[in-house]
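Let's take a walk through this protein together.

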Amino acid sequence: MIKTEKRKKINGFSCTMPAKSVNEGLARGIISAFVAQLDPTIEELCDIKTAVSEAVTNCIVHAYESEPDERRKRIGIKGEYYDDGLLCVTVKDSGCGIEDIETAMQPMYSGSGSEERSGMGFSIMQCFTDKITVKSKVGKGTTVVMKKYIGKNE
C-alpha cells in the first residue's frame, strides 16, 4: 500500500518499570488497557499481549545479567496508535545489548546459554505482529519496536 498522506497519532503512553519478573504481568495489563481503546478482536488483543510479554521477558532475563545495581534495571514501554489502525509498541532496556541481532533472532537461539530458555522470544514477537524492528548496542541496551494493525488491513 502506498500512503500519500501522513498518518495521524491518536493516542499514546509511556512508562518505565523495574526489570523484575512480577512486572511482566503488569506490562500485559497496561498494553491490554491501552489496546482496548481500539476495540480489537480477542485474537488481536492476545497477539499483542503475547508479543509484549515476550519483549519484556527478554529484558528481564537477558538485558541485565551482569548489572548488580537493582535501581539501574529498568524497562521502558511506549505505545502509540494512529488513525489508520496502526499500533506501535516499543520496549526498551539499557542493559548489556545484543552483539549479533541476526543470530539472536533465529528460532531456538538463547543468548543465556540456559537449557531452561526456549530461544523463541523474537520468533513469537514476529508471529504475533506485522513488523518487528530490533536495534541494539553492546553495553547500551536494546530497543524492540513492534507494529500491528488493529481492526484494519494494511
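**A walk through the fold**

Start with the surface of this predicted model: the protein's accessible surface comes to about 9100 Å², and carbon and sulfur atoms account for 49% of that. As for the inside, 42% of the 154 residues count as buried.

The protein has four helices and five strands, and if you read along the sequence they come in the pattern β-α-α-β-β-α-α-β-β. Of the contacts between residues at least 6 apart in sequence, 63% join residues at least 24 apart.

The five strands make an open sheet in the order 1-2-3-5-4, with antiparallel pairing. Strand 1 (9-18) and strand 4 (131-137) stand at the edges with a single partner strand each, so one side of each has no neighbour in the sheet. On average, neighbouring strands here are turned by 10 degrees against each other, direction ignored.

Zoom in on strand 2 (residues 74-82) and strand 3 (residues 86-93): they pair in the antiparallel sense over seven bridges. Along this pair, E80 stands opposite C88 in strand 3. What packs on the sheet? Helix 2 (residues 42-63) does, touching strand 2, strand 3 and strand 5 (141-149). The direction of helix 2 makes about 15 degrees with that of strand 3.

Last, the cysteines. A disulfide is a covalent bond between the sulfur atoms of two cysteines. This structure holds zero disulfides. C46 is partly exposed, at a relative accessible area of 38%, whereas C59 counts as buried because its relative accessibility is 4%, and the cut-off for buried is under 20%.

How values were computed. Residues are numbered from 1 along each chain as its sequence is written. This is a predicted model: local features need pLDDT of at least 70, side-chain atom pairs count only at pLDDT 80 or more; totals for chains, interfaces and linings use all residues. Side-chain values use heavy atoms; hydrogens and water are left out. Two strands pair if DSSP finds at least two bridges between them. Helices (H or I, at least four residues) and strands (E, at least two) are DSSP runs, numbered from the N terminus. Axes are lines fitted to C-alpha atoms, for helices over the stretch in contact, and angles run from 0 to 180 degrees between N-to-C directions. Contact means heavy atoms within 4.5 Å. A disulfide is a pair of cysteine sulfur atoms within 2.5 Å. Buried means under 20% relative accessible area, exposed over 50%, partly exposed in between (1.4 Å probe, protein chains only). Accessible areas come from the Shrake-Rupley method with a 1.4 Å probe; for residues, only the protein chains shown count as cover.
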